[in-house]
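Have the viewer open as you read.

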Amino acid sequence: MDTDLHKLFIDQLQDIYDAEHRIAEAIPQKIDAAQSPDLKLSLEGHLQETKDHIARLERVFEELGETPERSTCQATKGLLTEANELLETFRGTKAIDAAIVCAGQKVEHYEIATYGCLFTWAKQMGHSHIAAILKDSLSEEKEADSKLTAEAKTESNLVAEAIR
């Protein structure tokens, strides 16, 4: 059934599909700029998760009988532009890792909000299998946010605050 909620669901799937592609393209720059080996490792893991999210979204499109299409995610585009500005401003300083964590958390929060809506809508429309697929990505985004918070508290913020 092609309800307004279904149309919104497809629209937001296309939006997050574009977002995940943009994020996968952007993470290597953050890995290169990061100073903390732990942060680099965390970002490398998140890059693989992001690729997994793209594959999951392709499965969702397939199960819905839709062709995977990207619709420009203006929010992620803007967040990544801001992240690039932070990288340029703080590259080579003690605050670079804190800047990377900040930028990463902004993106994670957007993804958490989007996957949360998609998960809820899938359940509401009776797409329980699709909801389960989306819940996996939602859980991973929440975990990525938690890892970034831990990184900030245990290392990057402390290093950034250190007296030269």
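At what angle do helix 2 and helix 4 pack, and how far apart are their axes? Helix 2 (residues 37-63) packs on helix 4 (residues 96-124) at about 20°, with the axes 13 Å apart. That makes helix 2 roughly parallel to helix 4, a label for angles under 35 degrees. Axes here are lines fitted to C-alpha atoms over the stretch in contact, and angles run from 0 to 180 degrees between N-to-C directions. The helices themselves are DSSP runs (H or I, at least four residues), numbered from the N terminus.

Before going on: this is a predicted model, where local features need pLDDT of at least 70 and side-chain atom pairs count only at pLDDT 80 or more, while totals for chains, interfaces and linings use all residues. Residues are numbered from 1 along each chain as its sequence is written, and side-chain values use heavy atoms, with hydrogens and water left out.

Back to that helix pair. On the helix 2 side you'll find Leu39, Leu43, His46, His53 and Leu57, which meet Asp97, Ile100, Val101, Glu108, Glu111 and Tyr115 of helix 4; contact means heavy atoms within 4.5 Å. Sorted by class, the contact has 6 nonpolar, 2 polar and 3 charged residues.

Now for the salt bridges, meaning a side-chain nitrogen of Lys or Arg within 4 Å of a carboxyl oxygen of Asp or Glu. The count comes to 5, including these:

| Pair | N to O distance |
|---|---|
| arginine 22 and aspartate 18 | 2.6 Å |
| aspartate 18 and arginine 70 | 2.9 Å |
| arginine 91 and glutamate 88 | 3.5 Å |

Shared partners join Asp18, Arg22 and Arg70 into one network. Arginine 22 and aspartate 18 sit 4 residues apart in helix 1 (residues 4-33), so about one helical turn separates them. Arginine 70, by contrast, is in the loop between helix 2 and helix 3 (74-90), so its pairing with aspartate 18 ties together parts that are 52 residues apart in sequence.

Is aspartate 18 buried or exposed? Aspartate 18 is buried, at 3% relative accessible area, where buried means under 20%, exposed over 50% and partly exposed in between (1.4 Å probe, protein chains only).

Note on methods:
Helix = DSSP H or I, 4+ residues; strand = E, 2+ residues; numbered from the N terminus. Parallel < 35°, antiparallel > 145°, perpendicular 65-115°, else oblique. Nonpolar A, V, L, I, M, F, W, Y, C, P; charged D, E, K, R; others polar.
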